[in-house]
Structures are given as structure tokens and as C-alpha cells.
Amino acid sequence: MKQETGKTNIPLNINRMSIQLKRGGHSFSMANLPASVVEAKFVVLTDKTLLVPQEEFDESLAANYLRVAGMACSASETPVWSSTKAPIVAIMAADAACMASIRGKLGDQASFTSPLLLMQAYDDPTVWLYRTESLLYIKVYAPKLCFAEVVSSPTEIDVVYYMEQLAKEFPLKHYLAHLEGEGRKEIMKPIRHYFREILCE
């Protein structure tokens with residue numbers, strides 16, 4: 001668990017914070033939260049992430065959405081979701097014990113989100129790639145969002161493989177690639193030839 005800024009120190013005199021929660025939740029303990037925190041947003045990092053239009057989302061069917069998409073929760077996982085007031089809801093599989101601990105302390109003051117909900121606006125067809133914690137978040141804009149997925153990509157070879165698969169579905173030679181997150185410079189060179197241009201931030 002680390003703060004969204006990437007820093008490991010936790011401010012002592014705050015009542016709101018944003019925290020990244022890795023898949024499995026084993027690195028997180030509620031004891032890490034200062035007593036002053038009354039509201040926290042958890043960024044759930046998992047390849048079991050699905051986007052659903054707000055008007056089609058039903059809390060009682062959250063686990064079914066994941067299962068139908070081939071991302072069924074394991075026996076130790078439970079579905080969590082982002083704000084249902086937004087146009088798009090992210091459903092994620094998270095460690096059940098960790099979720100029980102979070103909700104036991106924060107109740108409704110705990111909210112959840114995903115990097116897949118980071119929305120961009122592009123004038124040209126663009127592939128947005130965000131890499132963190134051995135996960136690759138992929139979104140395709142043409143120029144509106146038309147594809148979104150999270151995949152496990154512990155190595156550069158994995159990233160190249162997914163670009164090969166993506167190139168079968170989209171004419172990437174006409175696309176800009178926008179790279180963000182950890183290791184973005186490392187993956188820029190091996191995937192450069194798939195795209196018209198690469199922007200690395």
C-alpha cells in the first residue's frame with residue numbers, strides 16, 4: 001500500500017487521503033492509517049477490472065458482471081466498485097478480508113476507484129497505456145473511448161505481446177501512443193514501431 005503520489009510517508013494531520021491497494025491487499029493494514037483519517041479513496045490495482053455504463057450498473061449483479069467477463073472473484077475476493085454517480089462505473093475484484101477491514105473502520109467514508117477511470121480527451125486516434133505494479137492499463141480512443149482493459153505485464157515481452165494482439169483489432173500505425181506510469185520509458189522502444197508516434201510523460 002502506498003499513497004497515490006508514490007510517497008511512503010503518511011501525513012499525520014489530515015482527514016482525507018488517497019491510497020493504492022495492490023491485488024491481494026496483503027501489504028495493507030488499517031493500522032497504517034492515522035487516527036485522524038475519516039475519509040479515504042482506495043485505488044484498487046488488479047487485472048480483474050471491468051468498466052460498466054452507469055445506467056446499466058446494478059450493485060447486486062457486480063460479481064456476475066466480473067464472472068461473465070471472465071474475471072470471476074476467487075473464494076478470497078469480493079467485488080468493489082467506484083462511484084455510481086459517474087457516467088462509467090469500474091468494478092474490481094479485491095481481497096475480501098482487506099475490504100472487511102476497510103469498511104469496518106471507515107464504512108461509507110471508504111470509496112474505490114481504478115486507473116482505468118482516468119479519462120483523457122484526444123483529437124486523434126490514441127492508445128493510452130498506463131503501467132504500474134506489473135499491470136498494464138490499456139484504453140483505445142478513436143477518438144472516443146472504444147476499448148478498455150487491464151492485463152498482467154510483468155515484463156517488456158508481455159507488453160509487446162499485448163501490442164501485437166491490439167494491432168490485430170486496431171490500425172495502430174495510424175495511432176498515437178500515450179505512455180504514463182512506472183517503466184513507461186522502458187517499454188517505449190520495444191513498442192515504438194507499432195505506432196505512428198509515441199508520447200511519453
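Residues are classed by relative accessible area: buried means under 20%, exposed over 50%, and partly exposed in between (1.4 Å probe, protein chains only). By this criterion phenylalanine 170 is buried, at 16% relative accessibility. The model is a predicted one: local features need pLDDT of at least 70, side-chain atom pairs count only at pLDDT 80 or more, and totals for chains, interfaces and linings use all residues. Residues are numbered from 1 along each chain as its sequence is written, and side-chain values use heavy atoms, with hydrogens and water left out.

Two strands pair if DSSP finds at least two bridges between them. An open sheet of 3 strands has the order β4-β6-β5, and its pairing is antiparallel. Strands β4 (49-53) and β5 (77-81) stand at the edges; each has a single partner strand, so one side of each lacks a neighbour in the sheet. On average, neighbouring strands of this sheet are turned by 25° against each other, direction ignored. Axes here are lines fitted to C-alpha atoms, for helices over the stretch in contact, and angles run from 0 to 180 degrees between N-to-C directions.

Strands β5 and β6 (residues 88-95) run antiparallel and are joined by 5 bridges. Within this pairing, proline 79 has alanine 93 of β6 as its bridge partner. Helix α2 (residues 96-106) lies across β5 and β6 and runs at about 110° to β6. Contact means heavy atoms within 4.5 Å.

A hairpin of 3 residues connects β9 to β10. Lysine 139 is bridged to alanine 148 in β10.

Threonine 113 belongs to strand β7 (residues 110-113). Threonine 113 has a relative accessible area of 17% and is therefore buried. Apart from neighbours within four places in sequence, threonine 113 contacts Lys41, Phe42, Val43, Val44, Ser82 and Met92. Histidine 178 sits in strand β11 (residues 176-181). Histidine 178 is also buried, at 7%. With neighbours within four places in sequence again set aside, the contacts of histidine 178 are Tyr122, Thr126, Val127, Trp128, Leu129, Leu199 and Glu201.

Charged pairs were searched next. A salt bridge is a side-chain nitrogen of Lys or Arg within 4 Å of a carboxyl oxygen of Asp or Glu. The whole structure holds 2 salt bridges. One joins glutamate 77 to lysine 48, with the closest N and O atoms 2.8 Å apart. This pair links distant parts of the chain: glutamate 77 lies in strand β5 and lysine 48 in the loop between β3 (39-45) and β4, 29 residues apart. Both glutamate 77 and lysine 48 are buried. The side chains of glutamate 197 and arginine 196 also form a salt bridge, at 3.6 Å from N to O. Glutamate 197 is partly exposed, at 45% relative accessibility. Arginine 196 is likewise partly exposed, at 44%.

A pair of aromatic rings is described by the distance of the centres and the angle of the planes. Rings of Phe, Tyr and Trp (its six-membered ring) pair if their centres lie within 6.5 Å; planes under 30 degrees apart count as stacked, over 60 as edge-to-face and the rest as tilted. The search of the whole structure gives 9 aromatic pairs. Tryptophan 128 and tyrosine 130 have ring centres 5.7 Å apart and planes at 10°, so this pair is stacked. Tryptophan 128 is buried, with 0% relative accessible area. Tyrosine 130 is buried too, at 17%. Phenylalanine 147 and phenylalanine 170 make an edge-to-face pair, 6.0 Å centre to centre with 65° between the planes. Here, too, distant parts of the chain are linked: phenylalanine 147 is in strand β10, and phenylalanine 170 is in the loop between α3 (156-167) and β11, 23 residues apart. Phenylalanine 147 is partly exposed, with a relative accessible area of 25%. Phe57, Tyr65 and Trp81 form one aromatic cluster.

Cysteines were considered last. A disulfide is a pair of cysteine sulfur atoms within 2.5 Å. This rule gives a count of 0 disulfides. Cysteine 73 is partly exposed, with a relative accessible area of 24%, whereas cysteine 98 is buried, at 6%.

Methods:
Helix = DSSP H or I, 4+ residues; strand = E, 2+ residues; numbered from the N terminus.
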